[in-house]
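Try each task before reading its solution.

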Amino acid sequence: MKFVKTILFATALLLACQVLVAEKPKDAPKSPDKDKVVTIAFYNLENLFDAKDDPKINDEEFLPNGTYQWTQERYKHKLDQMAKVINQLGDEDGPEILGMCEVENRGAMEDLIGTAVLKKKGYGIVHADSPDQRGIDVAFIYKTKRFTPLYQQSYPVLFPENKDIVTRDILLVKGILDKKIDVTFIVNHWPSRRDGQDESTFKRERAAQTLRTVVDSILRMDPYANIVMMGDLNDEPGDVSVNKTLKAGRDSIEAVSTKLYNCMAPIKAEGRGTLKFKGGWNLFDQMIVSSAMITNKSLLQYVNGSANIYNPEFMRETTEGDWKDAPKRTFIGKKYVEDGYSDHFPVYISLAY
């Protein structure tokens with residue numbers, strides 16, 4: 001398709017200018033030292049809007065006089081709630097890398113990393129505005145002492161057959177980890193199921209196709225590239241968009257041929273999830289790595305079994321019935337929940353070298 005070829009050409013051209021191909025170890029990497037473990041995480045922040053009107057986007061619901069009566073006080077409290085989670089996510093020092101979605105703008109990201117809890121962590125920001133009708137974006141923060149971004153690029157998910165369909169861009173960030181290892185991170189927020197799962201499947205398949213095109217262009221230049229994909233995919237690890245179109249293998253054997261391994265698939269097999277719908281668990285928030293990171297073809301390796309959902313008791317609903325243990329969200333319908341966090345639990349993995 002024309003749009004795929006366009007993305008492929010642009011990706012190859014841009015990354016050819018930027019890519020730094022690391023020398024591959026001839027032998028399998030040694031067992032990782034404890035201080036060389038990196039936590040990579042993803043979190044859907046559930047409508048992190050500031051309380052200021054932006055005439056360029058549809059943010060009217062999240063204003064003081066809007067549907068959600070979103071005041072500056074509520075916004076600051078939401079920031080503190082998000083910071084509380086991020087501060088403990090993965091380990092006691094918080095993640096080195098965190099991808100996020102449902103963020104209104106860069107200003108909200110600056111406010112988040114500027115909270116009292118996170119300010120001392122030394123996070124930097126990568127963000128770009130997306131064409132999403134609600135005005136929400138994906139974003140990326142990183143500990144500046146551990147990761148140095150060299151290049152970023154946004155890739156639109158295009159629907160040339162219907163230009164009224166717009167969604168979040170896919171955000172790519174390439175950089176150097178600990179001044180020695182090249183890593184490419186790709187943050188996603190695929191189209192929702194709001195119009196019905198079956199009716200909207202083609203949108204997520206298009207997002208998966210776009211992501212796969214970007215990944216393939218990287219792997220053509222470096223078959224052993226370190227690539228970490230993360231995001232709210234609004235589909236399960238076994239759905240067509242993820243397992244067939246993106247070809248994110250659900251086990252190591254599949255990953256060898258498809259070049260991608262879905263770290264969250266074993267968690268799905270256990271019946272766990274990151275959000276609840278009609279009493280059942282969905283696992284839309286996923287972490288996927290290139291196969292070099294599970295087959296000793298790269299110095300940087302995925303720590304087997306480290307994929308997990310961060311869902312401590314303080315983030316879970318205590319009510320009985322369908323919503324028991326569900327994420328404690330900021331809003332239930334239009335009702336504000338002061339001790340809420342997000343309607344998704346965050347996920348994380350460990351990488352080591």
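This is a predicted model: local features need pLDDT of at least 70, side-chain atom pairs count only at pLDDT 80 or more; totals for chains, interfaces and linings use all residues.

Residues are numbered from 1 along each chain as its sequence is written, and side-chain values use heavy atoms, with hydrogens and water left out.

**Exercise 1.** Find which residues have the most contacts inside the largest nonpolar core.

*Solution.* Start with the term: a nonpolar core is a set of buried Ala, Val, Leu, Ile, Met, Phe, Trp, Tyr and Cys residues joined through side-chain atoms within 4.5 Å. Buried means under 20% relative accessible area, with a 1.4 Å probe and protein chains only. The largest such core has 71 residues, and Ile40, Phe140, Val228 and Ile349 have the most contacts inside it. Next, look at strand S1 (residues 37-48), which gives the most to this core, with seven residues; strands are DSSP runs (E, at least two residues), numbered from the N terminus. Another core, of 25 residues, lies apart from it and includes Ile165 and Leu233.

**Exercise 2.** Determine whether lysine 174 is buried or exposed.

*Solution.* First place lysine 174: it is in strand S6 (residues 170-177). Then check its relative accessibility, which is 6%, so lysine 174 counts as buried.

**Exercise 3.** Work out how many disulfides the structure holds.

*Solution.* A disulfide is a pair of cysteine sulfur atoms within 2.5 Å. The structure holds zero. For cysteine 101, the nearest cysteine sulfur is that of cysteine 263, 18 Å away. Cysteine 101 is buried, at 0% relative accessible area, and cysteine 263 also counts as buried, at 2% relative accessibility.

Definitions and conventions. Buried means under 20% relative accessible area, exposed over 50%, partly exposed in between (1.4 Å probe, protein chains only). Helices (H or I, at least four residues) and strands (E, at least two) are DSSP runs, numbered from the N terminus.
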